[in-house]
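Here are some notes for a colleague who is opening this entry for the first time. Please keep the viewer open and follow the points in order.

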Amino acid sequence: MRMLTGQTRPSSGRVEVLGLDVATESKQARARMGVVPQLDNLDTELTVEQNLAMFAVLYRVPRRERHDAIERALDIAMLRQRRDAKVDELSGGMKRRLLIARGLIHSPELVLLDEPTVGLDPQVRQELWSLIDGLRQQGTTVLMSTHYIEEAERLADDVAVVSHGQIVAKGTPGDLRTTHVGTRATEYYGPPTRLKEIEDRARQAGLATRRTGPAITLLRSESAPSALLEELGDGVHRAASLEDVFVLLTGEVLE
Amino acid sequence: MTAQTRQVRRYEWATFEGIWNREWTLFRRYWASTTVSSVVQPIIYLLAFGLGVGTLVSSVGGISYVEFVGTGSVATAVLFASAFPGMFNTYVRRVFQRTYDAILAAPVSVDELATAEGSWIAAKAGVYGTFPLIATFFFGLEPRWTMVFVPFIGFLTGLGFAFFGMWVSAVIKTIDETTYITSVVLTPLFLVAGTFFPVQNLRPALQVAAQFNPLYHCVDLVRGACFGFVWPNDLYHLAVLVVFAIGMWLLAVRKLRVRLVD
């Protein structure tokens, strides 16, 4: 992410954003990008509105449009009532919304979101999801990194699965599911010995499984022979998810 | 030529406007504490030395001792108002508050950021530098029109020391290391700058050392503005201060670039 804004230099290769070479034209590239970092770096000494005003200037919002841009950003952050509050007085969710609104102050063509919902309550996360979806509807390109696979599944048009710094798969969430894990997954619960048994049986039948905490999930169960399903007994069917793809591709155990 | 026309300038007004606005906002909030700490200390020195030592020494080179110390304290005030914010503010904003990371994600270069921050500190130092002078008026210092140069001399010296502080902030690993800089570098600098006793009376080695002390040149130039410039000596002092400011600016920008862009 920092490489896209020229704040980290690539050890090799070349970075191009919106057709601009970041090595030589990083200022031009940054002017057209909005950045929402993972770590909150709001100016804690300034108020909500002052934070937005400062970045309106830095992002070259023309003087006449600054007022409107700040009001719009306050709406995005849903902080109109708290415009004079100091950043320290805001809750975690408010700060994150302000951080996003700050990155959007100049209506950028490209928005970089680095783990935007990490550590937030489900409710706050939903709010941010609709905010991000709104951007997408307006035609803004959003590049987001996330560990919440559900988030990628709900919001992304294109997903790249990254493991050890390499892209291991790329496509729409639907395509990735179809290609790697099919449409249906079946979860079996039981003691560890039983789970191990199911895992071995599935493997013999050439089907992939993944451990899901106390259960084992049979992937692509829609194409499993009915004899096998019968043998395995009662399982809970569910739709295949992007998380299945992720775990399958990146391995069950994190190194 | 299209690539050429798309080229933005290396230093753009918007970044300075944005950063100075922020400083102004903060200044309006913290002006009382900043001003007290930057002004009271030099004035205490002025009173302690001026009135205390003044009972032993009546005049130095035809100037009353209070006026000698008062005009010299301008440099002390400038030093305190520039080197310390240069070190502490820059370190805190870079490391603890990560403000600089946020600013550099916007279309702002490290060069612009450092120059905007340094020039703001220097401007403040230029203003604070006049306070000991104003205090000295109450001890009989005669106003002279060339004193209008004093804030500009303070600004120039402040630039050098602000960038010095910023350079230090980028060199040190922990903020505690600033105490070394304060005791080993800054304290000797302001004691042997001709503020409290004339450098000319020192042993030759120290006289030579003083030539490398930017603060000495500031002190002499300020006395020039207060009691009459001496040509070409004061031109030489001015040149040294310009070289000091440019040198420190180059060092600060280069080191901060290493620290802020990995």
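1. Start with helix α3 of chain A. The buried residues of α3(A) are A:Ala69, A:Ile70, A:Ala73, A:Ile76 and A:Ala77. An α-helix has 3.6 residues a turn, so residues three or four places apart point the same way. Keep that in mind when you look down the axis. Please also remember that this is a predicted model.

2. What covers that buried set? Among the elements over the buried residues of α3(A) are α2, α4 (92–103) and α5 (122–137) of chain A. The helix itself covers residues 63–77, which makes 15 residues. From first C-alpha to last, α3(A) reaches 21 Å, close to the 21 Å expected at 1.5 Å a residue. Just after α3(A) comes A:Met78, with a positive phi of about 55°.

3. Now step back to chain A as a whole. Chain A contains 10 helices and 11 strands. Its C-alpha atoms fill a box of roughly 70 × 45 × 30 Å along the principal axes. Of the 255 residues in chain A, 35% are buried. Take the contacts in chain A with a separation of 6 or more: 65% of them join residues 24 or more positions apart.

4. Next, the sheet. In chain A, four strands form an open sheet in the order β9-β10-β8-β11, and the pairing is antiparallel. Which strands are at the edges? They are β9 and β11 (236–239) of chain A, and each pairs on one side only. Neighbouring strands of this sheet are turned by 30° against each other on average, direction ignored. Strands of a sheet pair through backbone hydrogen bonds, either parallel or antiparallel.

5. Follow β10(A) through its partners. β8 (residues 184–189) and β10 (residues 215–218) of chain A are antiparallel, with four bridges. A:Tyr189 is opposite A:Ala215 in β10(A). A:Tyr188 is opposite A:Ile216 in β10(A). Strand β9 (residues 209–212) of chain A also pairs with β10(A), again antiparallel and over four bridges. Here A:Arg211 has A:Ile216 as its bridge partner in β10(A). The turn between β9(A) and β10(A) is worth a stop. How many residues lie between the strands of this hairpin? There are two residues between them. A:Gly213 takes a positive phi near 60° in this hairpin. Helix α8 (residues 192–204) of chain A lies across β8, β9 and β10 of chain A. Relative to β10(A), α8(A) runs at about 15°.

6. Please check two loop residues. A:Ser107 is not a glycine, yet its phi is positive, at about 45°. A:Ser107 sits in the loop between α4 and β4 (110–114) of chain A. Is A:Ser107 buried, exposed or partly exposed? A:Ser107 is partly exposed, because 17 other C-beta atoms lie within 10 Å. In chain B, B:Arg98 has a positive phi of about 55° and is not a glycine either. The loop between α3 (65–96) and α4 (99–105) of chain B holds B:Arg98. B:Arg98 is partly exposed, with 17 other C-beta atoms within 10 Å.

7. B:Trp231 and B:Pro232 are joined by a cis peptide bond, with omega about 0°. B:Pro232 lies in the loop between α9 (214–227) and α10 (233–260) of chain B.

8. Finish with the contact between the chains. How many residues does each chain bring to the contact? Chain A brings 22 residues and chain B brings 24 residues. On the side of chain A that touches chain B, α1 (22–31) and α2 (48–58) of chain A each supply at least two residues. The element that gives the most to this side is α2(A), with five residues. By type, the residues of this side of chain A are nine nonpolar, seven polar and six charged.

Key: Residues numbered from 1 in each chain as written. Chains lettered and ligands numbered in written order. Predicted model: local features only at pLDDT ≥ 70, side-chain atom pairs only at ≥ 80, totals over all residues. Contact = placed C-beta atoms within 7 Å. Nonpolar A, V, L, I, M, F, W, Y, C, P; charged D, E, K, R; others polar. Pairing = 2+ DSSP bridges. Expected span 1.5 Å × (residues − 1). Buried ≥ 20, exposed ≤ 12 C-beta atoms within 10 Å, placed from the backbone. Axes fitted to C-alpha atoms, helices over the stretch in contact; angles between N-to-C directions.
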